[in-house]
Every structure is written in structure tokens, then in C-alpha cells.
Amino acid sequence: MSTVAPSRATGPAAERPARPVHRVTGARVLRSEWAKMWSLRSTWITSGLGLLFLIAFGLIAAYQFRSRITSGRPMDRDFADATALGLSLFGTNFAQLALGVLGVLVAAGEYSTGMIRSTLAAVPRRLPVLWSKAAAYGAVALLLGTFGVFVAFLADSRILAGTRAAMTLSDAGVLRSLLGAGLYLGLVGVIGVALGALLRSVAGGISVLVASLMLVPGLVSLLPSSWQDTISPYLPSHAGEAMFALQHDASTLSPSAGLLVFVLWTVAVLAGAAVRLVRSDA
């Protein structure tokens, strides 16, 4: 007499164990982009350089001003009307390059390594990837920039105490200028991400970033004066400077107008990146 062994269930349900279904949500995409960003060594190095530029150049400018006063040496024209606020923001031009370049790397780096294909396979709708990259890195650049300018200003205030350049946070316009500088650097970071996603090239993105922030203003200065007065205030760099400048004249935008113009530049580059991301293959 033989016994029949019980047969195992067959079919797809028996062959594959049940796996939990994970929905693609904005929060999960943001968390993924945050983790990818901080897994790169370049993020730590370049963000550290941006913070170092802000603080170090601000301190160097303040010590230079103080040494000229105490030694009685003639004051350079650039330092003649200097204030603690202006000297503490001296490193902004250098920090914007570091933070902008890192933004380009955050987006374009995935295209150079081919990792973008895996990212877009996991997030088929695509646009949440761009929004998450811009939001994650923009927040980092904003916090680093704001922290750096406040540290530089507080240190410079102690260095310059008792001089004609001395200022405190309670002085009119100082707090607004410091917050404006931090916001400007945060938006520069977002523009860097957008350029990286738009051009999909690290070298190309960095070149356009440097040209728009530093080279184009120099070229515009070669135009006739009437053209300069019309074009110059609306350039990205000049509109950004208006956000944190303490004093304004007829040739510059007000802080609110500068913010509006710079936000429009940021939105325009983001829109271009979004269009290419949706319409072009990775």
C-alpha cells in the first residue's frame, strides 16, 4: 500500500512571496534625493568651501580695514565707505560660485554617471525628481548661506568695534540685508540645480553659471551708458545684490524688486529644466 504525498499549491501566488507595495510620494522622493546628495563626497567638500569663503573672506576684509585704521595707512577707495555689514558680505561673491557649482553637480552628476536612468525608472513621472533636488539642495544652500553671513557679521562687529565702520544687528536694514544674502545664496543653489538638469553637463552648467553671474555683467558695462542703465539692474547678479544691499540709488532695484527679478530668473531656469526633463530621454 502506497501513500500519496500531499501536493504543493502551484501557481503565481505560490511561486512568488507577497511583497509590500510602496507608493511613490513626494516625501519619499525628497528623502531619496536628500540621501543621494549627502552620500557624495563633493557635497561635503564644496558646501564646506562655500561656508569657509563666506566667513574667511569676511574676516580678512574686516582685519584689513582695522589694520589700515590703526596703522594710519591711507585707505583704499574700496574701503573708504566700508561698513561692518559690507565687509562681512565680502565673501558672498566667492561663496555663490561654490554653492552654485555644487547645485550643478547635484543634478548633472547623475547624467554623467548614468544613475539618472535608475532614478527616473523609480519615479516615472519625472518632475518630482527635479522639484525634490531643487528643494533639498536649495534648503541646504539657504541654511549654509544664512549661517555663514550671520557668523561673519557678528565676528566683524567685534573686530570693528569702536571704528567708523562698526554696526550691530539692531541698526536699520542690517537684519534684512543678512537674511537677503542668505536667501540669495539659497536661490543661487536652486539655479545651479536647474542648470545641471537643463544642460545635463557638469562643464556646461558651471560655464553658464559663471558666465551669468560674473562675465555677463562685465560685458554689459561695455555698452553705452543708456543701455547699461536699462539692462544692468535686471541681470541676475545685480538683482541679487539688490536683495542684500544696505543702500540703493536710482540705478539699482529696491530689495523687494530685486527679489522679484531674481525669483523670476530662478523660475525661468527651472521651467526650462522641467520641459527638457519631461520631453527628452535620459
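A pocket here is an open set of points on a 1 Å grid over the protein atoms alone, where a 1.4 Å probe fits, with protein on both sides within 12 Å along at least five of seven lines; lining residues have an atom within 4 Å of a point.

Basis. The model is predicted, so I noted that local features need pLDDT of at least 70 and side-chain atom pairs pLDDT 80 or more, while totals for chains, interfaces and linings use all residues. Numbering runs from 1 along each chain as its sequence is written, and side-chain values use heavy atoms, without hydrogens and water.

Lining. I listed 30 residues lining the largest pocket, with Gly86, Glu241, Phe244, Ala245 and Leu246 nearest its centre. Helix 11 gives the largest share of this lining, 4 residues (helices are DSSP runs of H or I, at least four residues, numbered from the N terminus).

Ala95. I found Ala95 in helix 5 (residues 92-113). Ala95 counts as buried because its relative accessible area is 0%, and buried means under 20% (1.4 Å probe, protein chains only). I noted contacts, meaning heavy atoms within 4.5 Å, from Ala95 to Gly50, Phe53, Leu54 and Leu185, not counting residues up to four places away in sequence. Gly50 and Ala95 are 45 residues apart in sequence, yet 4.5 Å apart C-alpha to C-alpha.

Note on methods
Helices (H or I, at least four residues) and strands (E, at least two) are DSSP runs, numbered from the N terminus. Buried means under 20% relative accessible area, exposed over 50%, partly exposed in between (1.4 Å probe, protein chains only).
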